[in-house]
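Good morning, everyone, and thank you for making time for this.

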Amino acid sequence: MYGRGGDRMQQKQLEERRRMRSQIHPIWRGVGFGMVILIPFISWFGMDILWQEYLKRGNPIPLDLVIKASDPYLLIKIIGTVVLMFVLYIVFLLITFLFNSIFGAPRYGPTDAPPMVYRGKKAR
């Protein structure tokens, strides 16, 4: 009976360590939040620059996308912004995947069983 309290305390400490390891560090949540806010702004200004360059070169303007508003090219800019946002999100996703595969934790830990090799059904 004397040692049981210590066992419970050790068990609680181990559970707390496991829980802390599985959580994302708050700085990465802040970085993710910043990217969610920054990428649309970067995309909007990037599309504005691309559209001005497109007009300077004298390329044809798609008349189906021109609207009657204070900025007749607003629909074109919105569509381009959304496309640029997806491209930037994909680029950052690939960079994150690359860094995680190079510097991340191993796929199997020390307590995992080795992967099974399946060679198909044996013929009789």
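Before I name any helix, let me say that a helix here is a DSSP run of H or I with at least four residues, and that helices are numbered from the N terminus. Please also keep in mind that what you see is a predicted model.

Let us begin with Thr81, which sits in helix α3, the stretch that covers residues 74–103. Is Thr81 buried or exposed? Its relative accessibility is 8%, and because buried means under 20%, Thr81 counts as buried. If we leave aside the neighbours within four places in sequence, the residues in contact with Thr81 are Pro40, Ser43, Trp44 and Met47.

Now to the aromatic rings. A pair of such rings is described by two things, namely the distance of the centres and the angle of the planes. Searching the whole structure gives three aromatic pairs. In one of them, Trp51 with Tyr54, the ring centres are 5.1 Å apart and the planes lie at 15°, so this pair is stacked, given that planes under 30 degrees apart count that way. Both Trp51 and Tyr54 belong to helix α2, residues 26–56, where they are three residues apart, or about one turn of the helix. Trp51 has a relative accessible area of 6% and is buried, whereas Tyr54, with 27%, is partly exposed.

Trp51 also pairs with Tyr73, and here the arrangement is tilted, with 5.2 Å from centre to centre and 55° between the planes. This pair links distant parts of the chain, since Trp51 is in helix α2 while Tyr73 is in the loop between α2 and α3, 22 residues apart. Tyr73, at 22% relative accessibility, counts as partly exposed. Taken together, Trp51, Tyr54 and Tyr73 make up one aromatic cluster.

Finally, let us turn to empty space. Rolling a probe the size of a water molecule over the atoms shows where such space is left. The largest pocket holds about 400 Å³. It is lined by 14 residues, and those closest to its centre are Trp28, Val31, Phe92, Leu93 and Thr96. Which elements give two or more residues to this lining? They are α2 and α3, and α3 gives the most, with eight residues. Sorted by class, the lining of the largest pocket contains ten nonpolar and four polar residues, and no charged ones.

Note on methods. Residues numbered from 1 in each chain as written. Predicted model: local features only at pLDDT ≥ 70, side-chain atom pairs only at ≥ 80, totals over all residues. Heavy atoms only, no water. Buried < 20%, exposed > 50% of the residue type's maximum accessible area, 1.4 Å probe, protein only. Contact = heavy atoms within 4.5 Å. Phe/Tyr/Trp six-rings, centres within 6.5 Å; stacked < 30°, edge-to-face > 60°. 1 Å grid on protein atoms, 1.4 Å probe; cavity = no way out; pocket = protein on both sides within 12 Å on 5 of 7 lines; lining within 4 Å. Points joined across faces, edges and corners; volume = space filled by probe spheres on them. Nonpolar A, V, L, I, M, F, W, Y, C, P; charged D, E, K, R; others polar.
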